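This report considers how side chains pack and pair in a single model. The structure is shown first, and the description follows.

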Amino acid sequence: MWLRLQDREGCDCPKGYKREIVNICPSISEKSVEAAMKKLLDEGYIVKHGSGKGTFYSKKF
């Protein structure tokens, strides 16, 4: 599942929210998206900005 998110790195979106990813991939549960995003964070592919409802992620350059 995290590969699907990683493959989206060519997206022109400057930032992304967990809810947007859940909407893009409705067959994937929110918990799976959270786990994938944590893995991407840990591996340095994305950066987390903020906390709570306003949290968004961007691709690390």
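A salt bridge is taken here as a side-chain nitrogen of Lys or Arg within 4 Å of a carboxyl oxygen of Asp or Glu. The structure is a predicted model, and the count by this rule comes to 5 salt bridges.

Lys38 meets this criterion with Asp42, their closest N and O atoms being 2.9 Å apart. Both residues belong to helix α3 and are separated by 4 residues, about one turn of the helix. Lys38 and Asp42 are both exposed.

A salt bridge also joins Lys31 to Glu34, with 3.8 Å between the closest N and O atoms. These two residues likewise lie in helix α3, 3 residues apart, about one turn of the helix. Lys31 is exposed, at 63% relative accessibility, whereas Glu34 is partly exposed, with a relative accessible area of 29%.

## A link between helices α2 and α3

Arg19 forms a salt bridge with Glu30, in which the closest N and O atoms are 2.9 Å apart. Because Arg19 lies in helix α2 and Glu30 in helix α3, the pair ties together parts that are 11 residues apart in sequence. Arg19 is partly exposed, with a relative accessible area of 45%; Glu30 also counts as partly exposed, at 31% relative accessibility.

The Arg19 and Glu30 residues belong to a network of salt bridges that links Lys18, Arg19, Glu30, Lys31 and Glu34.

## The nonpolar core

The largest nonpolar core has 9 residues: Ile21, Val22, Cys25, Ile28, Val33, Met37, Leu40, Ile46 and Tyr57. Helices α2 (18–24) and α3 (30–42) each supply at least two residues of this core, and the largest share, 3 residues, comes from α3.

When residues up to four places away in sequence are not counted, Val22 touches Glu30 and Val33. Of these residues, Val22 and Val33 are members of the core, while Glu30 takes part in the salt bridge with Arg19.

## The aromatic pair

A search of the whole structure finds 1 aromatic pair. The ring centres of Tyr17 and Phe56 are 5.9 Å apart and their planes stand at 55 degrees, so the pair is tilted. Tyr17 lies in the loop between α1 (2–7) and α2, and Phe56 in strand β2 (residues 56–59); the pair thus links distant parts of the chain, 39 residues apart.

Conventions. Residues numbered from 1 in each chain as written. Predicted model: local features only at pLDDT ≥ 70, side-chain atom pairs only at ≥ 80, totals over all residues. Heavy atoms only, no water. Core = buried A, V, L, I, M, F, W, Y, C linked by side-chain atoms within 4.5 Å. Buried < 20%, exposed > 50% of the residue type's maximum accessible area, 1.4 Å probe, protein only. Contact = heavy atoms within 4.5 Å. Phe/Tyr/Trp six-rings, centres within 6.5 Å; stacked < 30°, edge-to-face > 60°.
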